[in-house]
Amino acid sequence: MGSLDGRVVIITGAGRGIGREEALRFAAEGAKVVVNDPGVAIDGTGGDAGVAAEVVEEIIARGGQAVANTDSVASWDGARRMVETALESFGDLHVVVNNATIERNMGLADLSEEDFDEVVAVKLKGTFAVTHWAARHWRHRFRAGVRADRAVVNTSSGSGLLNPLPAQVSYASGNAGVAALTIVAALELGQYGVRVNCISPSMARTRLTLGVPGMSQDPSTNGFDPLHPAASAPVAAYLASAACPLTGQVLSVRGGTVAVNRGWSLGGHIHKDGPWSVDELAEKVKELSMDDPFDKLAQALTGALGVIGRAQLQEMINTLLDQGGRSGTASA
């Protein structure tokens, strides 16, 4: 008996990387999986229907059940068709895992409107679109008297939640939006028996992290690989299981570590009974303790790069932005 026996699941971006590992794990746990992936490049261009088909074939070869879908999550009608595919193939839908993403990495001054829109369309609008059509189906079933646990598992990133990275304005914005969407959706959809949570994998060896120091090579050990994209799949499977009570949570996953994200929270404050003057604020704001984004980023990168100073970090940022500005679209 698997933890997901009989559950019908849509997993977007399931042809490669984290999504592929989720699809394989969910199927191994007994889920019937709609493997969604249009097979595009990292920047969202191109397409290859064979990418999703290969994962389906692998699941079936292992004794599981799966069908392929190659629609783009950024397409409103495509998102609707994903839900229809689940219903037509397996008769119901219990879980949506929103994993699909693309990247176009360059500095804000070089990023075009089209680049920004297309990244956010996949990451944020895509999460909304698939969840929207699933929610409409679930609401209809609930009002018809059908009671069942339903779940959404969204996917965010530390670039957007904890340490937004230079050259990732669009990617970080989309990921931060997904976390906010998760909380609102959890509050709204609970009345229909739908739980909504989010995972935020980091330091995973995928196409998006190719070339990042410490991430490019496979480990030499045969033991647990904390950088393998499969590391977060059990967490997603738990959140998707009917036995899971959680909703409205954002969980960071790095290797075998799972941490709760608190989101934006209030720090110290200053107060005056009346409006402030600029001069008053200039003096009183000195009392507040504030995080330095350079220091936070340096600390976040310590695991991959070792201890780095502010000057070295700024040089790295300048190089990254310069490369993105010259190439137009830099790979992750």
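Reply: Helices (DSSP runs of H or I, at least four residues) and strands (runs of E, at least two residues) are numbered from the N terminus. The model is predicted, so local features need pLDDT of at least 70 and side-chain atom pairs count only at pLDDT 80 or more, whereas totals for chains, interfaces and linings use all residues. Residues are numbered from 1 along each chain as its sequence is written, and side-chain values use heavy atoms, with hydrogens and water left out. In these terms the protein has 10 helices and eight strands, and Asn69 is placed in strand S3.

Me: How do you know what confidence the predictor has in this protein?

Reply: The score is pLDDT, the predictor's confidence in each residue, from 0 to 100. Its mean over the protein is 88, and 85% of the residues reach 70 or more. Over residues 326–332, however, the pLDDT is below 50, and this stretch has 16 contacts in the model beyond near neighbours in sequence.

Me: What makes Asn69 count as buried or exposed?

Reply: The test is relative accessible area: buried means under 20%, exposed over 50%, and partly exposed in between (1.4 Å probe, protein chains only). Asn69 has 6% relative accessibility, which is under the limit for buried, and therefore it counts as buried. Across the protein, buried residues make up 44% of the 332 residues.

Me: Which residues is Asn69 in contact with, leaving aside its neighbours within four places in sequence?

Reply: Contact means heavy atoms within 4.5 Å. By that rule Asn69 is in contact with Val34, Val35, Asn36, Asp37, Ala52, Arg81, Met82 and Thr85.

Me: Why is the pair of Trp76 and Trp133 called tilted?

Reply: Rings of Phe, Tyr and Trp (its six-membered ring) pair if their centres lie within 6.5 Å; planes under 30 degrees apart count as stacked, over 60 as edge-to-face and the rest as tilted. A search of the whole structure finds three aromatic pairs. In the pair of Trp76 and Trp133, the centres are 5.4 Å apart and the planes stand at 55 degrees, so the pair is tilted. Trp76 belongs to helix H3 and Trp133 to helix H4, so the pair ties together parts 57 residues apart in sequence. Trp76, at 33%, is partly exposed, whereas Trp133, at 19%, is buried. Ring pairs also link Trp76, Phe128 and Trp133 into a cluster.

Me: What makes the pair of Phe142 and Tyr192 edge-to-face?

Reply: The angle between their planes is 70 degrees, with 6.0 Å from centre to centre, and the pair is therefore edge-to-face by the ring criteria. Phe142 lies in helix H4 and Tyr192 in the loop between helix H6 (169–189) and strand S6 (194–201), so the pair ties together parts 50 residues apart in sequence. Phe142 counts as partly exposed at 22%, and Tyr192 counts as buried at 13%.

Me: How do you know that the charged end of Arg147 sits over the ring of Phe142?

Reply: A charge sits over a ring if NZ of Lys or CZ of Arg is within 6 Å of the ring centre and within 35 degrees of the ring normal. The charged end of Arg147 is 3.7 Å from the centre of the Phe142 ring and is listed as sitting over that ring.
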